[in-house]
Amino acid sequence: MSQGIPISERTLGDLLPDTLTYSLCIHIDKGTEVGVITGMLVQYLESVTDSVMIRDEDHNPIGTIGGKEIMENLLKNPTSSLFYGTKVEDIMEPNPVTVSKDTKYKDLMDFWKERGRAYAVIPNEWGFYSAISAQKVLEIGMRCKTNISIRDLPKKLPVTFKKGATFGSVINSMFENRTRKILLENSNKYLSDRLIIEAISEKMKNITETDDFLNESVDVVNLEQVRVIFDDLTINEVSAMMYDMEHPYVIYKDWIVTPWDICNILLSPEITEYTVK
């Protein structure tokens, strides 16, 4: 691959010629109840697929559901009717972003920023669709050659919650701060949209037995540990580290690093050296 051209100006096909369509879309059919998709999201949120595609009777993609849709609607309707009386098409984000191998990386990022979701679908060679997410972009980050490191990323103040906080307060904080992960105060443990949905999926009876689920304590959720590192890794190094993590989330001193941070830094005109393999 010719050097000197910024990553942002290159096409997805040039950047990932062998693996662009490797991550098959996880999908569900229109007409399915929301309760079915919650179990699927527990498995796929924060992975290379990250969201679930909704398809119509002809198997065409018509919408997307991720953690955002579940939690947004949970705030409006914290009862069992959201899961057992609502169809996926009633809460999905319509018209998934569809790209091709000729889409430039900067255009993919424009689509994602406009939608507020790092997810797109691409027709594949098997007659269906594959998924592209922020986690998929880590493959691009791994192949860059750059001296840009974690210290060059914008610092973000950690969003935290206190022990005993309610589901309602935590979910609202996530939306207000535009984050999918929130740290337990004075700890390295975090809560995410995936963990909240997992708690709902495993403890669905809580919703059927209470009219005030949003005021229940998040203490019932099993928190996960953020990866704390002590070296100022380059972008390709931290991308490789997160690529091997099931749920990538890293802290280095005062820097919080997620796949979305990698997506943004790859827009830098300074990142031009790239190795396909």
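Predicted model: local features only at pLDDT ≥ 70, side-chain atom pairs only at ≥ 80, totals over all residues.
Colleague: OK, where does arginine 194 sit?
Modeller: In helix α9, which covers residues 193–202. Helices here are DSSP runs of H or I with at least four residues, strands are runs of E with at least two, and both are numbered from the N terminus.

Colleague: Is arginine 194 buried or exposed?
Modeller: Buried, because its relative accessible area is 3%. The cut-offs are under 20% for buried, over 50% for exposed and partly exposed in between, using a 1.4 Å probe and protein chains only.

Colleague: And which residues does arginine 194 touch?
Modeller: Leaving out residues up to four places away in sequence, Val42, Leu45, Glu46, Glu224 and His247. Contact means heavy atoms within 4.5 Å.

Colleague: At what angle do α2 and α9 cross?
Modeller: Roughly 140°, with the axes of α2 (residues 34–44) and α9 coming within 9 Å. Axes are lines fitted to C-alpha atoms, for helices over the stretch in contact, and angles run from 0 to 180 degrees between N-to-C directions. So the two helices are oblique to each other: under 35 degrees is roughly parallel, over 145 roughly antiparallel, 65 to 115 roughly perpendicular, and the rest oblique.

Colleague: What about α3 and α9, how do they cross?
Modeller: Helix α3 (residues 67–76) crosses α9 at roughly 60°, and their axes come within 10 Å. That makes α3 oblique to α9 too. In α3, Gly67, Ile70, Met71 and Leu74 meet Asp193, Ile196, Ile197 and Ile200 of α9. This contact has six nonpolar residues, one polar and one charged.

Colleague: Switching to the sheet: what's the strand order?
Modeller: β8-β9-β10-β11, an open sheet of four strands with mixed pairing. Strands pair if DSSP finds at least two bridges between them. β8 (160–161) and β11 (224–225) are at the edges with a single partner strand each, so one side of each has no neighbour in the sheet.

Colleague: Where does α9 touch that sheet?
Modeller: At β10 and β11, and the direction of α9 makes about 70° with that of β10.

Colleague: How many bridges join β9 to β10?
Modeller: Three, and β9 (residues 181–184) and β10 (residues 189–192) run antiparallel. One of the pairs is lysine 181 with serine 192 in β10.

Colleague: What's up with phi at asparagine 186, in the loop between β9 and β10?
Modeller: Asparagine 186 has a positive phi of about 60° although it's not a glycine. Most residues other than glycine have a negative phi. Asparagine 186 is exposed, as its relative accessible area is 80%.

Methods: Residues numbered from 1 in each chain as written. Heavy atoms only, no water. Nonpolar A, V, L, I, M, F, W, Y, C, P; charged D, E, K, R; others polar.
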